[in-house]
Amino acid sequence: GGGGTQRLPRVVGVPRAKELIFTGRDVFGPEAEKIGLVNYCVEQNEEGNAAFVKAMEIASLLQDRGPVALRMAKKAITEGFEAGPVRAGLDVEHEAYMGVIPTMDRIEALMAFRDKRKPNFKGE
């Protein structure tokens with residue numbers, strides 16, 4: 001009822017999902033990372049916040065990215081995958097890209113590229 005039988009096979013593949021669901025066995029960090037269930041498995045640090053530190057490291061990589069482009073990429077990935085066939089996903093991607101074209105952030109990205117500087121995105 002919670003969607004695990006549909007979501008898990010899409011992440012780890014059908015054979016592995018069957019094994020995990022049928023046996024109910026626990027999956028811990030290193031194996032979860034190996035099979036693609038989690039993106040990272042980090043060793044705990046003395047402060048006990050290693051996962052938070054890793055999350056902040058990833059977040060810092062996103063802070064200079066254009067918020068409109070990130071939003072549209074998220075939409076394209078999520079809705080495109082759920083759309084089914086690749087052709088349908090490509091249509092969703094095109095729609096998302098068209099949502100970026102008229103924005104000020106796109107213009108800023110082009111000008112920053114031309115001027116060889118970092119863009120200053122405003123989410124507009």
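This is a predicted model: local features need pLDDT of at least 70, side-chain atom pairs count only at pLDDT 80 or more; totals for chains, interfaces and linings use all residues.

A: Happy to. For exposure, a residue is called buried when its relative accessible area is under 20%, exposed when it is over 50%, and partly exposed in between, using a 1.4 Å probe with protein chains only. Residues are numbered from 1 along each chain as its sequence is written, and side-chain values use heavy atoms, leaving out hydrogens and water.

Now to the pairs. Side chains of opposite charge can pair when their charged atoms come close. Here a salt bridge means a side-chain nitrogen of Lys or Arg within 4 Å of a carboxyl oxygen of Asp or Glu, and by this rule the count comes to 10 salt bridges.

Let's begin with Lys75, which is partly exposed because its relative accessible area is 24%. One of its partners is Glu79, with the closest N and O atoms 3.4 Å apart. About one helical turn separates Glu79 and Lys75, because they sit four residues apart in helix H5 (residues 67-82). Helices here are DSSP runs of H or I with at least four residues, numbered from the N terminus. Glu79 has a relative accessible area of 38%, so it too is partly exposed.

Lys75 also meets the side chain of Glu95 in a salt bridge, at 3.4 Å from N to O. This pair links distant parts of the chain, 20 residues apart: Glu95 belongs to helix H6 (residues 86-100) and Lys75 to helix H5. With a relative accessible area of 47%, Glu95 is partly exposed.

Further along, Asp115 forms a salt bridge with Arg117, and their closest N and O atoms are 3.6 Å apart. Asp115 counts as partly exposed at 37% relative accessibility, and Arg117 counts as partly exposed at 34%.

How values were computed
Helices (H or I, at least four residues) and strands (E, at least two) are DSSP runs, numbered from the N terminus.
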